[in-house]
Amino acid sequence: MIVCVAIVGHQNNPLYIQSFTEGDDALKLHHVVHCSLDVVDERVNNPKKSGPMLNETYLGLLYPTENYKVYGYLTNTKVKFILVTTDLDVKDADVRNFFRKFHAAYVDAVSNPFHVPGKKITSKTFAERISTIVKAFGLSSAG
Amino acid sequence: MGREVSESCVESLLIEMVSSYCNRFYADKQELAARRIEAIGYQVGHQLSERYTMERPRFSDHLEAIKFICKDFWSEIFKKQIDNLKTNHRGTFVLQDNHFRWLSRMSIESSPEMVVSSPDGEDKASQAMSMHLYFPCGIIRGALSNLGIPCAVSADISSLPACSFVIRIKA
């Protein structure tokens, strides 16, 4: 199950952060996201010497904690997408697919002429679309 | 799924935008009008670059980003690529389009009455034409700065309908 997703701008400013848990652990999840930003920086500045995968937007598993797995994605425009999940065996293809949909939703949201670049995304349509994508992810990994 | 836009509508909209800004909103302040039009282009370029770079790996250097502008970005907007790219390898790039779509219907020949009324009719005509180039300049600048390359873009109409854009990357 996905417990938290986040979009972070190129100056590490939060653009969108949403947790999907019942409990009161939003702060803890935000902390997990915050920690992952350093890992993203590290990945980007010291790329592994794996030829074709170089500069790919999908960064893969950033780090596992006891309860969570954190995945990252970095766009050409230096916007970071972070995914925190409690599933321990997640298929890489599923995560890629999730980030692709997530990115498409983000692009549509920022293409709104009333959106100010660099400000938080407050669109309700966007929030609904994200929660649909998040729910669909749970189903595809279970089945 | 890509959505399509009528080409003639876009062209009419652009011409109308330029004329509104130049003749109505900022009739006596051409420089301000130019800045406003450029800013609109900037926002458009900013948003388009986000969309068009979605499915590709990140660029490793400036040249790759400029090449992206010349090839994929230009084909998405104008259905053709930039015809010639020159660079001095010190941060200046010249993008030449031999048949720039947004200028292809324009004529720089000044009308007879314009020449009679003012000796600098030719100047006015080319000035009016250059107002139409602030928008595409803004698009390029917006796209590049969203890709992390701050730059200044200017346009040059040497012989119609060819048009070249000069990009100077700020160090």
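**Exercise 1. In what order do the five strands of the open sheet in chain A stand, and in which sense do they pair?**

Conventions: this is a predicted model, in which local features need pLDDT of at least 70, side-chain atom pairs count only at pLDDT 80 or more, and totals for chains, interfaces and linings use all residues. Residues are numbered from 1 along each chain as its sequence is written, while chains are lettered from A and ligands numbered from 1 in the order in which they are written.

Step 1. Helices (H or I, at least four residues) and strands (E, at least two) are DSSP runs, numbered from the N terminus. Two strands pair if DSSP finds at least two bridges between them.

Step 2. The order in chain A is β2-β1-β5-β4-β3, with antiparallel pairing.

Step 3. From one strand to the next the twist averages 15 degrees. Angles run from 0 to 180 degrees between N-to-C directions, and axes are lines fitted to C-alpha atoms, for helices over the stretch in contact.

Step 4. Within the sheet, β4 (residues 69-74) and β5 (residues 80-85) of chain A are antiparallel over six bridges. A:Y73 has A:F81 in β5(A) as its bridge partner.

**Exercise 2. Locate A:Y58 and list its contacts.**

Step 1. A:Y58 belongs to strand β3 of chain A.

Step 2. A residue is buried if 20 or more other C-beta atoms lie within 10 Å of its own, exposed if 12 or fewer, and partly exposed in between, with C-beta atoms placed from the backbone. A:Y58 counts as partly exposed because it has 17 C-beta neighbours inside 10 Å.

Step 3. Contact requires C-beta atoms, placed from the backbone, within 7 Å. Not counting residues up to four places away in sequence, A:Y58 touches A:Y73, A:R96 and A:F99.

Step 4. A:F81 is 23 residues from A:Y58 along the chain, and their C-alpha atoms are separated by 9.3 Å.

**Exercise 3. Which residues touch the most other members of the largest nonpolar core?**

Step 1. A nonpolar core is a set of buried Ala, Val, Leu, Ile, Met, Phe, Trp, Tyr and Cys residues joined through C-beta atoms within 7 Å.

Step 2. The largest core has 34 residues, and A:V5, A:A6, A:I82, A:L83 and A:V84 touch the most other members. Its largest share, eight residues, comes from α2(A).

Step 3. Leaving aside neighbours within four places in sequence, A:L83 is in contact with A:I2, A:V5, A:Y71, A:V95 and A:F98. A second, separate core of 30 residues has B:A33, B:F68, B:F100 and B:A155 among its members.

Step 4. Helix α2 (residues 92-110) of chain A lies across β1 (2-8), β3, β4 and β5 of chain A, at about 135 degrees to β5(A).

**Exercise 4. Why is one side of β1 and of β3 in chain B left without a neighbour in the sheet?**

Step 1. Chain B has an open sheet of four strands in the order β1-β2-β4-β3, paired antiparallel.

Step 2. β1 (84-87) and β3 (151-156) of chain B stand at the edges with a single partner strand each, so one side of each lacks a neighbour in the sheet.

Step 3. Four bridges join β1(B) to β2 (residues 92-97) of chain B. B:T87 stands opposite B:F93 in β2(B).

Step 4. α6(B) lies across β3 and β4 (163-169) of chain B, at about 155 degrees to β3(B).

How values were computed:
Two residues are in contact if their C-beta atoms, placed from the backbone, lie within 7 Å.
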